[in-house]
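Thanks for making time this morning. I would like to walk you through one structure, and I will ask you to keep it in view while I talk.

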Amino acid sequence: MRMRRQPVVAGNWKMHKLRREAQEFCQELLANLDEEPQASIILYPSFPLLTDMAAALDDPRVSLGGQDLHPADSGAHTGDVSGPQLIDAGCSWVLCGHSERRADHAESDALVGRKAEAALQHGLTPMICVGETAAQREAGQTFKVLERQLSAVFSQEFGEFTLAYEPVWAIGSGLSATPELAQEVHAFLRQRLAELVDPEQANWVSILYGGSVKPENAAALIAQPDIDGFLIGGASLDPDKFLAIIRLAAAAA
Ligand code: PGA
């Protein structure tokens, strides 16, 4: 029988939307969301939108997160944002190690680990992103890459977290992983978390899939036993699509 983990549906807005657009999205989302959505819903807008959105989403059904954080509490780090600043802006979650940060800002596996640790220290739940590139998959290195990314972050007695598997080749490409391929990786990730962290925690932790998720492919993905929700880029910008995916995920719970 499927283990009933609460589905998590997260929207990663990347560098999209102005304040007015964000405001309209929030109104639309709250007006159309079920009273008890049966899924944890998180939005990751860019930093300048956070405080407005915290006010607009003053609602227990939706949480806010930052797209990144610096491992230090404060200091001379131009352009960066700290855990306490995210908390102060109304966040309870933070993305760590999104592939666009790893690629555009040369974030190493070790740095992602330090960010996740800092998030936990400040009371933010890290959503840690891992995934292989097309070249790595073609070279048969998928599991080696994931292993490297995981072991740099996780150790015994790790706090509460969520993991997101986002194959880089599926992000923004329209080419989602098949449910079978994603399930194979998710099962591997859960197995490795059991070994690295704790078997009990690995059983209950949510492992999200990300990469071209849309209403058309969400049901087949969430039907897989180790896929517990989604990290959505493009489709999360449209309230109708985001709501449709939330409903599909909730229905599978
Ligand atoms: P996508 O992005 O849904 O647009 O592929 C996913 C992500 O990068 O988190």
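This is a predicted model: local features need pLDDT of at least 70, side-chain atom pairs count only at pLDDT 80 or more; totals for chains, interfaces and linings use all residues.

Which residues lie closest to the ligand? The ligand is surrounded by 13 residues, and the closest of them are Lys14, His98, Glu166, Gly172 and Ser212. If we sort that shell by class, we find four nonpolar, seven polar and two charged residues.

Looking at individual atom pairs, the side chain of Glu166 places an N or O atom 2.7 Å from an oxygen atom of the ligand, while a polar atom of the Gly172 backbone lies 2.6 Å from a ligand oxygen. For Asn12, the distance between a polar side-chain atom and an oxygen atom of the ligand is 3.4 Å. As for cover, the ligand taken alone would expose 290 Å², and the protein buries 95% of that area.

Let me move on to the helices. Two packed helices are described by the angle between their axes and the distance between the axes.

On the α7 side the contact is made by Phe143, Leu146, Glu147, Leu150 and Ser151, and the residues they meet in α8 include Val185, Phe188, Leu189 and Arg192. By class, this contact has eight nonpolar, one polar and three charged residues.

The other pair is helix α1, residues 19–32, with helix α11, residues 239–251, whose axes come within 10 Å and cross at roughly 35°, again in a right-handed crossing. Here Phe25, Glu28, Leu29 and Asn32 of α1 make contact with α11 residues, among them Pro239, Phe242, Leu243 and Ile246, and the contact divides into six nonpolar, one polar and three charged residues.

Key. Residues are numbered from 1 along each chain as its sequence is written. Side-chain values use heavy atoms; hydrogens and water are left out. A residue is near a molecule or strand if one of its heavy atoms lies within 4 Å of it. A polar contact is a pair of N or O atoms within 3.5 Å; within protein, one must be able to donate a hydrogen and the other to accept it, and residues adjacent in sequence count only if both atoms are side-chain atoms. Accessible areas come from the Shrake-Rupley method with a 1.4 Å probe; for residues, only the protein chains shown count as cover. Ala, Val, Leu, Ile, Met, Phe, Trp, Tyr, Cys and Pro count as nonpolar, Asp, Glu, Lys and Arg as charged, and the others, Gly among them, as polar. Contact means heavy atoms within 4.5 Å. Helices (H or I, at least four residues) and strands (E, at least two) are DSSP runs, numbered from the N terminus. Axes are lines fitted to C-alpha atoms, for helices over the stretch in contact, and angles run from 0 to 180 degrees between N-to-C directions. A crossing is left-handed if the near helix is turned anticlockwise from the far one by less than a right angle, and right-handed if clockwise.
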